[in-house]
Structures are given as structure tokens and as C-alpha cells.
Amino acid sequence: MRTPVVYVAGLLALALAAGPARAQGLGLDLSGDSSTQGNEQQQDSGEDSGEGTPPDGDQGGMGLGLDLSSGTPGADLQPRFALVGLDTPERAGAAAAKRWMGWLQAVALRTGRVARAAEPSEVREQLASDYEAALRCQEASCLSGPADTIDADLLTTARLALEDEGWTLRLWTYDRDRGVVETDVVTGRKPTDSNFIREAGEVLSRRVTELARPRSMLKVSSNVSQAVVRVGERMLGVGTVEAKLPPGEVQLIVEADEYSTYTKTLTLVSGETQEVAVRLELNGPAPEGPPSDAVAGVKKKKSSGSSGPTVFSRPALYTTVLGLAAVGAGVAMGMGLQGKVQDANGDGIMDVSRAEYLAARQQSMIATALMAGGGAVAGGSLLWLFIVPARSEPVSSSVAPVSNGKGTSGTALHFVIGGSF
């Protein structure tokens, strides 16, 4: 029973004495295995024994080499980080490229401010033919596309080369929120110098910490499945969508063909979830009813008809005016007679011929008739205008079916005529 125990103890001793154990403390290297595959085309596979390991003398910084960034609170709303790769034109730099790649990605994730968007090998597969251009890109114009493809909020590409100042590492970090590229430069004696590697890691760590901002979750639901959901110029999806967005004020736009556009200004808060339910309305009037303006016109017409005719539309007003005009004409004719009949010699007898007398008499009778008739018409019209209430019913007709009691129906035409004087 002791023989298996001896074997197990011997195997454990050999494992603890192995070379990788001396490099990582307990022999665990979980931070750099997968990340070192993205730049293999530029490296000699057997020349670097420290891939994915921290610089010499910095074992305490990496601990067991475990990446626990995804287990931190709010990790699902952390910005996504991806390292595209390391461009190494010189053979000496290519020999240490795996070590550089593993270390740079490890220190970025170790900040606890970002989540991994993709491994370098996955970045190469997703970008496909665009990978080489992205690897050597230094501007936002050529890094925005790869960032969208990988869905990375922070995207870093690096170049390790021998320049006039010596070995130089250049880092370009693209911030998708702001659409800008931040540049960092570190120089050293040689690619394998531990201080050089450590300083580069510190520079990238500070840059990631500076740019990383926790996301805000936006959930948008719409009653139209084909509605396009946008935030500003960025399209989030169609119908019901969920998106992690940077905090701040945004303009939410939901639109679909034949529907009214929904627009709302939102203020997104870091680490919080905001839900918006959108209901789009069809353009134009509802199919089951008449247009609203037609309904308003009918109501207006009904209200104006129910108020009855005005005083100017009643004939009694105009007959009153005619009666008063007749009275005035009679008075004027009577006053005209007084100037024609005079006593010139003062003998008490009017100086008038028989013909003039007959004409004056006829004119007097006319004046009396005008005053009497005009007064009667004016008085009656005034009574009709102010005492008798006004009634006005429109002329209407209706056609209605009439049953003849034999199971058949005929058509009867009814006229209703109304009015007022």
C-alpha cells in the first residue's frame, strides 16, 4: 500500500523541480498560453522559454498567473479590451514576441477595469484579411472598423522595433467611445530586458485605467418587430435590443417604415440598467374612422346650424325698413303741400285754381296712405321680429324602406320643408 504513495510523492517532487515551476512559483501559467498564439507568424517557436510570464523579479505581481478579472463585481458592464498583436520587424524582437504579448495582455486585464473581448488568436481569425492592416494601423480611421468587428471598446496594437533611440515599443490604444487613438512610447536596452518589459506593462496599465469607463445597460423594446434602434449614428439592432453603452447623455431613435419616429434623450449612468418601452404609431388616420379634420368640420357645421339664423337673415327686418321708408315718404309729400297752397292777398281764402286744388288733394291722399300703410307694415314687422321666436328648419328629404306587410319592401320618399318669415 505504500508503493503508490511513494510514486505520487516522487512525481510531485519532479513537478516542483521543473523549469516552469521556477518561473511561475507553483508551475501554473494560465495567463499567457492562449494569448501567445496570435503572433506566431513573426516568432521562432523554440527560442523563448518565458512566454506569458512576468519579467524576472516580479513574481509577486502575477501570483499564480490567474486571470480573475471576469469575477469582479460589475464585470459584465466593464468595457471590452483586445490586444490586436505585436509588430516585430527584427528577428531579435520576434524571438521575444510571445513573452511581450502574454505580459501586455495580462497587465491590462489585471487592472480589473476591463473585460477580455477576444484572445489575439481570435482577433486574427475575426479580422481575417484585415488583420495585417489593423496590426500596423496607428489612426482611428483604420482602427474603428476592427473595434466594431471584435466589439472592443478599447483596442491596442503594438510595435517593437530597433530605432535610432534603441529598442522602442510603441503602443496605440483606440478608444471607441471618443473615437481617438492614444499613443505611448517606451524604450529599453534589448527586447528581453526585464525592466524594459515591466515599464511597458506599467504604461499600458495606466493607459487602460485612464480610458476604461464602466458601461450602462440599455434595453429597448418595441411593438414593431422591424423597427431600427439607434443611439445617435450608432445602430444597436432591430426590434427588441440590449446594448452596453458608455455613460452620458444619448439620443435614442426608433424608426420603421410607415410608422412615426420615436426620439428621446436619455442619461445613462455607469453600472445601471435602463429599460425603455417604445410604441410606434402608424402614419395617417386610423383605418376604422374618418379623418379628425372631417369630424371637426361636421361638428362645426352642426354647432353653427343649431344656433339659428341671425337677425339679418330674417325678412321682417327688411319689411320694417320699407315701412319706415314709406312713412318718411308720406311725411315729405305732406310737407311739400304746405309750400304750394298760400293766401297771397290776406283775405282768408287760399289762392289756388281748381286744377291745383285737385292735384294737391290727390297728393295729400297719397301722403296719408304712405304714412298709414308704412306705419302699419313697420309696426307689424317689428312685432314679428322681436316678439315671435325665430325658427329655422332646413329643407330635408329622406328615403326609407317601407314594408307592405307581404315580406317585401318598397321605398317611400318624405319631404320636410320648414322655414320662417
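Where does UniProt place the feature "transmembrane region"?

1. The unreviewed UniProt entry places this feature at residues 316-337 and 364-387; such annotations may be inferred rather than shown by experiment, and the positions follow the numbering used here. In the model, residues 364-387 are 96% helix and 0% strand, with end C-alpha atoms 34 Å apart. Helices (H or I, at least four residues) and strands (E, at least two) are DSSP runs, numbered from the N terminus.

2. This is a predicted model, in which local features need pLDDT of at least 70 and side-chain atom pairs count only at pLDDT 80 or more, while totals for chains, interfaces and linings use all residues. Residues are numbered from 1 along each chain, and side-chain values use heavy atoms, leaving out hydrogens and water.

3. The structure holds one disulfide, defined as a pair of cysteine sulfur atoms within 2.5 Å. Cys137 is joined to Cys142 with an S to S distance of 1.6 Å, and the link is right-handed, with 85 degrees about the S-S bond. Cys137 is buried at 2% relative accessible area, whereas Cys142 is partly exposed at 34% (buried is under 20%, exposed over 50%, partly exposed in between; 1.4 Å probe, protein chains only).

4. Beyond four places in sequence, the contacts (heavy atoms within 4.5 Å) of Trp100 include Leu86, Leu160 and Phe196.
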